[in-house]
Amino acid sequence: MYALADCNNFFVSCERVFRPDLEGKPVVVLSGNDGCVVSRSNEAKAIGIKMGVPLYQIKALVEKEGVVCFSSNFSLYGDLSDRVMTIIRKHTSRFEQYSIDECFFNIDHVPAERQKAYCEQLVKDIRKGVGIPISIGIASSKTLAKVASKYAKKYPGYHGVCEIRTEEQRLKALSTFEIGDVWGIGRRAKAKLASAGITTALQFTERSSTFARNMLNKPGLLTWQELRGQDAIDITQLPMKQSITTSRTFASAITDQALLEEQIANFCAHCARQLRTQKSVAQQVYVYAHTSAFRTDIEQHYLSELVHLPVATSNSQELISYALTAFRRSFRKGVLYKKAGVVLLKIIPESAVVPDLFDEKDRDKDSRLQRVLDHIDDRHGKRAIILGSQMRSGDSTIVYRNEHKSPLYTTDLRDILTIKTN
């Protein structure tokens, strides 16, 4: 049996750990640059705030309902995630972290009749030890476990844990579970299935395996098998991303070339790290920057450069070098750049790289150095070591709007929580 642990409204829950006065109040966390809502408390959901809605569109509602807004504080969220995952690891011999707030773990070492109670105690331990509320779903497949976790989150009567163990439980759970909410079913797949009259997960499983494969190819077949209780998906073997993007709309337009180059370097390094995480390399780098399309009073310019790499790579230093060279070719002085980004394209497995006979780089040495740098980052926090071309200091408010950012309670001694006694 699998268990899927999912932190409830994770970013909001992280903020509430140090602001218990916000329990029961509508709270939202905003995306980078304070743009859109990326996490909502149940109270914020209840008053109609949708995921992804731009902050400016709900300003009146925020003021009327007294909604508390926070800027994203990823250092805090990452640290609290590590604490949650560390506790869970101690309870299993097989652990797979899926995202910052979700992980799968095996509980076969616990007798079947005690698994629900065992996970309920784990929910209590994490709430007490870290302060984060979590929900756990138990089932024979990962996809069913995710279904169960959603029910655990939705209904308080489950005490944080829902299990789908019997065939009767499976049929009942899937009969009211919308097909678009199933793990692996995106908007296009949902639309395809809707055209065939399928709106629930149960209706999908009642069709044949041939239908599932013809409609949604192999990924759809795997989802169909998982919903029928078969363990078919290995998250370590999910298809790699075919392109990786990092971009940013700046708080105010930027004309300074050095500052823009720092941003391009940061974006590129972030993309490169994602490449290495999925054990892949990129054959192309696309760099862009442009002015605001809404400003009719300024010179409009769209900087756009595509670089074909002689040898596919995931090395941050190499990718940044290519990106900055391309950026410098098209940069215009005096232009008010409002947004910039980096896209890595033509991504292939690192095992598929074909060596170039005339390549003068010592790629083994570069790979060893990159692994050491990644290890230091993993151990001491992101950006513990960065390249000289990346931004380390300066006034970040010029680039990023984060007017509602909370302190770094657990990762910076200057922001450590102060307790006052009477």
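1. Basis. This is a predicted model, in which local features need pLDDT of at least 70 and side-chain atom pairs count only at pLDDT 80 or more, while totals for chains, interfaces and linings use all residues. Residues are numbered from 1 along each chain as its sequence is written, and side-chain values use heavy atoms, with hydrogens and water left out.

2. Overall build. The chain has 13 helices and twelve strands. Both are DSSP runs numbered from the N terminus: helices are H or I of at least four residues, strands E of at least two. The radius of gyration is 24 Å, close to the 22 Å that the globule rule gives for 422 residues, so the chain is as compact as a globular protein of that length. That radius is taken over C-alpha atoms, and the rule is 2.2 Å times the number of residues to the power 0.38. The C-alpha trace spans about 65 × 65 × 45 Å along its principal axes.

3. Of the 422 residues in the chain, 45% are buried, where buried means under 20% relative accessible area (1.4 Å probe, protein chains only). Among contacts (heavy atoms within 4.5 Å) with a separation of 6 or more, 67% are between residues 24 or more positions apart.

4. Two strands pair if DSSP finds at least two bridges between them. Strands β1 (residues 2-7) and β6 (residues 102-106) run antiparallel and are joined by five bridges; L4 stands opposite F104 in β6.

5. Axes are lines fitted to C-alpha atoms, for helices over the stretch in contact, and angles run from 0 to 180 degrees between N-to-C directions. The axes of α1 (residues 10-17) and α4 come within 10 Å and cross at roughly 90°. That makes α1 roughly perpendicular to α4, a term covering 65 to 115 degrees. In this packing F10, F11, C14, E15 and V17 of α1 meet F74, L76, Y77, L80 and S81 of α4.

6. Four-stranded sheet. A second open sheet has the order β9-β12-β10-β11 and antiparallel pairing. Its edge strands, β9 (244-254) and β11 (302-313), each pair on one side only. Direction ignored, neighbouring strands here are turned by 15° against each other on average. Seven bridges link β9 to β12 (residues 337-349) in the antiparallel sense, and T246 has V342 in β12 as its bridge partner.

7. Helix α11 (residues 257-277) lies across β9, β10 (280-290), β11 and β12, running at about 160° to β9. Helix α12 (residues 316-330) lies across β10, β11 and β12, at about 150° to β11.

8. A buried arginine. R170 lies in helix α7 (residues 167-175). With a relative accessible area of 9%, R170 is buried. Leaving aside residues up to four places away in sequence, R170 touches L144, I164, T205, L227, R228 and G229.

How values were computed
Buried means under 20% relative accessible area, exposed over 50%, partly exposed in between (1.4 Å probe, protein chains only). Angles under 35 degrees count as roughly parallel, over 145 as roughly antiparallel, 65 to 115 as roughly perpendicular and the rest as oblique.
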